[in-house]
Amino acid sequence: MKKYYEKLENIKLILAKLEKLMIDKAEDIDGTISFSKRKNGYQYYIYHPDKSRTYIKKTDLDIIKNMAQQEYYRNLKDELEKQKKQLEQFLDNYHELALKEVYENRSHAKRILIEPLILPDEQYIEQWLQQRPGNQNPFPEKGKYKTERGEYVRSKSEKILADLFYKYNIPYQYEPEIKLKNGKTIYPDFVLLNVKERKTIYWEHLGLASDPDYASKNLEKLNMYEKNGIMLGQDLIVSMETELAPLDIKLIEEKIKWYLN
């Protein structure tokens, strides 16, 4: 749903910009543009409401350019207003929870008789977690930092991230095993669930981003994600830090709220 609100806000921004442009560059010229093809381009005219025609000299092309620009602005505004109205009507009428409530609003006596096609959140989360067990990375170093949820992770920053996911009630698993389309296996730092959209998101933390060898290795890993259809900024989130730039907690929280809530 978030993308529809983004589209609506973008339309409003363009409309506001258009309003200013139409005022700043408007000229009161009564008529419409016409043209005829010539060997070296076009000959432009202005047709007036009284059916008279004004021939436009090359030295007066700025007049016709402004008219064409304003015509474009008007047509664009009409279409944007139409799209804005359609999106607003859709968002007003769309009930995000309606499909789940078809099952959840039934009595318990009836629910126990039914196998729902769309699981309630609690059951969906449980199933999602079971399908993605954590702590699958065979790397020999064991985690030594205990999270609020009770598992052990390898770094202080990973503990901070895990505790933030826990704080915001984001279902997650630490270092699950993921099979890519190319047959390779990787172990992302975290796999998370956007419950509202029921979307799986991977999170990689680059803890030594200033180290050339470490950065190069992880850039290859990020590239491999994208080659296998897991796109950065959509299905894959990255956080990073260096010796001079520690983990930005505020930025992490913004990412959690944007991508996972």
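1. Helix 6 has twelve residues and spans 16 Å from its first C-alpha to its last, close to the 16 Å expected at 1.5 Å a residue; the expected span is 1.5 Å times one less than the number of residues. Helices (H or I, at least four residues) and strands (E, at least two) are DSSP runs, numbered from the N terminus.

2. The model is predicted: local features need pLDDT of at least 70, side-chain atom pairs count only at pLDDT 80 or more, and totals for chains, interfaces and linings use all residues. Residues are numbered from 1 along each chain as its sequence is written, and side-chain values use heavy atoms, without hydrogens and water.

3. Several residues of helix 6 are buried, including Ser 157, Glu 158, Leu 161 and Phe 165 (buried means under 20% relative accessible area, exposed over 50%, partly exposed in between, with a 1.4 Å probe and protein chains only). The buried residues of helix 6 pack against elements including strand 5 (152–153), strand 11 (236–240) and helix 8 (249–260); contact means heavy atoms within 4.5 Å.

4. After helix 6 comes Asn 169, with a positive phi near 60°.

5. The largest pocket has a volume of about 750 Å³. On a 1 Å grid over the protein atoms alone, a pocket is an open set of points where a 1.4 Å probe fits, with protein on both sides within 12 Å along at least five of seven lines; lining residues have an atom within 4 Å of a point. Grid points are joined across faces, edges and corners, and the volume is the space filled by probe spheres set on them.

6. Helix 7 gives the most to this lining, with five residues.
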